[in-house]
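Please walk me through this protein model, starting with the chain as a whole and ending with its backbone geometry.

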Amino acid sequence: MEAATQSAPSTSPAVNAFQLVFHIDVFLFALAGVFALFALPRALARFSRAAEWRHGHILRAIPLERRAPKPPMRSVQSPPSGFPAAENVASDESHTLHSEAHLIRHPAAKEEGWSLPPHVRAWSSRVPTFANILRYRLDVGFSLGQALVLVIYSAALVYAGFLKSNPFADPLRTGFVAMSQIPIVYMLATKNNILGIFLGLGYEKLNYIHRFAGTLLVIASNVHSLGYIYQWTINRTFSKNIRMPAHIWAFVALITVDLIYLFSIPFFRRRAYNLFYYTHVVFFILFLPAIHAHQPGVWPYVIAAAGVIGLDYLIRLMKTRVYNARIRPIPDLMLTRIEVPQLNAGWRAGQHVRLRVLSSAMGWIGWAESHPFTIATAAKTPEGMVLLCEKTGGWTGKLYDMAKVAGYASDEGVYGRTVQVMIEGPYGGPGHCVFASYSAAIFIVGGSGITFALSAVQDILQRDSEGASRVKIIEVIWSVRDYASLTPLVPQLTALIQQSIYTPLKISVHYTRASDNPPGKDFLPPGLTLTAGRPKIAKILDAVMSRAVSYGSNVKSSMDITGVVVGVCGPAGMGDDVAQVISQVDAGRRWAVGGIEMHEEVFGW
C-alpha cells in the first residue's frame, strides 16, 4: 500500500480519501446497527429471564439437584432376536450410559406454577412474503438475502474507490479502501466478534461476509499496487522505488494477503485444512506490522484490528476448559462418543464447542488441532457434556482408532478410554431464538446432525419438567444412509419418548440406502418409526401445524399459539429443501399458527 504522504497529488483535491473511507466504515456499521435494532426485541425478551444470562457464554461445572425417578409412562416393546433392547443394551453397544429419568416432571413443578418464556415473533414471521423472497436460494447454502448484503457491501466500496477517481491514475484511493477494511475483516474472523453479539448470530453465520470482505481487501490491495507499478514503469523509476524500505514492506503486506487468499480457496479449505488455518494465523499476524511499516499513518486501523484479535483470544482463553474425558467408538454410526461428565452447565441447546485432544496418539500436530462439534446433550444433566465426532478425515479418524483400541476400564467397568481434552466454547446456537417459547418444534437433521436434535429435545423436555415450556408437540426427522445407524441410539431415543409426558414426541428415522433384508420394526417403541426413502417434509410440517393449533392438554390447552420453529442441521442442501417447503406454506395457515421460523446449522462453513 503506497504511502499516503506521497509528495505527488494522488487523489482528487475535491475528495478527502481518508475521510471518505472513514465515512464508508461508519455507514457499514450503521447498517449493521439497523439489523441489530431488528434483533433487539427478541434479545430483550430472552434476557428478561435471569437464567438466560448464565447459559450460552461460559462453560462450567455445577452441583446438580437429584430428582427421584418415576416409572416410565409408556411401555416399550421388546426387540426381536438380533436387536438390542433399549433397557438391556451393554455399555459398549449403547449410545448412552445414563438414564433420562431426571427429565420426568417432578410433582412440585406444577405446585410452583408455570414460568413460561416470553415469545417475540421474528421479523420473518411478521412479513413472511418478504422473508420468503430473501430466503430464496441462489446456490447451495446461499440465499438471496445473503447476496443482497454482499451487493450493498460491495457497492459501498466501489463508490469509495471510484468517486472522482481513476484506480490507475489515482492508485492511492484503492489503498485507502483496502486500509478501511482491515478492522472489519479481522473482526469477522474472530470467534467472539462484536457484530455477532449484537445481531445474536454465531461467527459461523457471518463467515460468508468475512470471506467476501477479505476478497475485496485483496482486490483493492492488488489494484493499488499495480497502479503504482504501472506509474513507476511509465516514469522509469521502478528500480529506485522498489528499493525504498516503505515499498519493500508494501510488497511484504501484499504477498501476505495474496497468500491468505490463495490458501483460502475451497480446495485447500477442504483438502488441507491445517495449511489453510496456519497460513491464516501466520500471515494475519505478519500483515499488521508490515502494513504499519509501509505507512505509519494507518496506525488507527492497525490498532483496531490488533485490538479485536487480542480481545478475541483473551475471551477464548477465558472460555477454555481442560478435563479428562472418556471416549468410545460407535461403529454403526462411525462416531466417537466423548463424555465429559464433570462439565455440565453453561451452554444452550444447539451450540458447539471447539475440541482439542491432548494425546500423542493424535500425531505430531494433531494434539494442537481444534475442531468444532455440536454438543449432544442439554445442560444440567447427569451425563454432562457429550460430543459425537463423526469419522470424516485424518484427525477424526485418529480419534476413532484411538477409541477402538481402548480396553475396559477396571475402576468403572465401562468400555472406553480416558484422555485429556481441551474444550473451548460454547459458540453458535440459536441466538435469541428460544425453542421452548414456540407452540411446536420440528427438528430435521441428517447424519451426525442428530446431535443438534438430541440436545434441543432434551432441553425442551427439561424446561417442560420445570414448567417453563410452551411447546405442545415435538417432531424429529432424522435422515441416515443405513438403517443400522439407528441401533446404537435406540436407548436414548426411547428414553426421551418415555419422558415426553406433557409434550408428545415423535421421532421418524428415514434411511436412503436400499437393503435386500429390510429391518424389522417390532422392536421400536411407540413414537419411534423407521422408514425407507426420503422424508416428505411438506406433509410433516402440515401435520404439525394442524396439531399445534388444535392440540393441548392441561395448562397448555389455554396457551396462545406462538408459532412453529423448524431446526435444521445437516448438509447445505437439506437447509435449501426445508427453506423451499416453508416458503410454499399458505399465508393463511402460516398466520393461524403464529408464523414459521427456521433455524439452520450447516455442516462446515
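The paragraphs below take up the overall fold, a pocket, the aromatic pairs and some backbone details.

The model is predicted. Its protein chain has 19 helices and 14 strands. Of the 605 residues in the chain, 53% are buried. Among the contacts with a separation of 6 or more, 78% are between residues 24 or more positions apart.

The second largest pocket has a volume of about 720 Å³. It is lined by 33 residues, and those closest to its centre are Arg46, Gly56, His57, Gly196 and Ile197. Four elements each supply at least two residues of this lining: helix H1 (17-47), helix H7 (194-199), helix H13 (299-318) and strand E8 (417-428). The contribution of H1, seven residues, is the most that any gives to the lining. Sorted by class, the lining of the second largest pocket holds 17 nonpolar, 12 polar and four charged residues.

Helix H13 also holds Arg316. Is Arg316 buried or exposed? Its relative accessible area is 9%, under the 20% cut-off, so Arg316 counts as buried. Apart from neighbours within four places in sequence, Arg316 is in contact with Lys191, Asn192, Glu424 and Tyr427. Two of these contacts, Lys191 and Tyr427, return in what follows.

A search of the whole structure finds 19 aromatic pairs. In one of them, the ring centres of Tyr203 and Tyr427 are 5.7 Å apart and the planes stand at 90°, so this pair is edge-to-face. The pair links distant parts of the chain, since Tyr203 is in the loop between H7 and helix H8 (207-234), while Tyr427 is in strand E8, 224 residues apart. Both Tyr203 and Tyr427 are buried. Another pair, Phe373 and Trp395, is stacked, with 6.1 Å from centre to centre and 25° between the planes. Because Phe373 lies in strand E6 (residues 371-374) and Trp395 in helix H14 (residues 394-404), this pair ties together parts that are 22 residues apart in sequence. Phe373 has a relative accessibility of 10% and so counts as buried. Trp395 is buried too, with a relative accessible area of 7%. Elsewhere, Tyr273, Phe276, Tyr277 and Tyr278 form one aromatic cluster.

Charged side chains also meet aromatic rings. Lys191 lies over the face of Tyr203, at 5.0 Å from the ring centre. Tyr203 thus has Lys191 over its face and is paired edge-to-face with Tyr427, while Arg316 is in contact with both Lys191 and Tyr427. In a second case, the charged end of Arg121 sits over the ring of Trp591, 4.6 Å from the ring centre.

Which residues does a cis peptide bond join? They are Gly425 and Pro426, and omega is about 5°. Pro426 has its place in strand E8, the strand that holds Tyr427 and that supplies at least two residues to the lining of the second largest pocket.

Two residues have a positive phi without being glycine. Arg236 has a phi of about 55° and is found in the loop between H8 and helix H9 (238-242). With a relative accessible area of 79%, Arg236 is exposed. For Lys380, phi is near 60°. Lys380 is found in the loop between E6 and strand E7 (385-390), and at 33% relative accessibility this residue counts as partly exposed.

A last stop is Arg271, which has its place in helix H11 (residues 266-271). Its relative accessibility is 66%, so Arg271 counts as exposed. The C-alpha atoms of Arg271 and Gly393 are separated by 9.5 Å, although these residues are 122 residues apart along the chain.

Definitions and conventions: Residues numbered from 1 in each chain as written. Predicted model: local features only at pLDDT ≥ 70, side-chain atom pairs only at ≥ 80, totals over all residues. Heavy atoms only, no water. 1 Å grid on protein atoms, 1.4 Å probe; cavity = no way out; pocket = protein on both sides within 12 Å on 5 of 7 lines; lining within 4 Å. Points joined across faces, edges and corners; volume = space filled by probe spheres on them. Nonpolar A, V, L, I, M, F, W, Y, C, P; charged D, E, K, R; others polar. Buried < 20%, exposed > 50% of the residue type's maximum accessible area, 1.4 Å probe, protein only. Contact = heavy atoms within 4.5 Å. Phe/Tyr/Trp six-rings, centres within 6.5 Å; stacked < 30°, edge-to-face > 60°. Lys NZ or Arg CZ within 6 Å of the ring centre and 35° of its normal.
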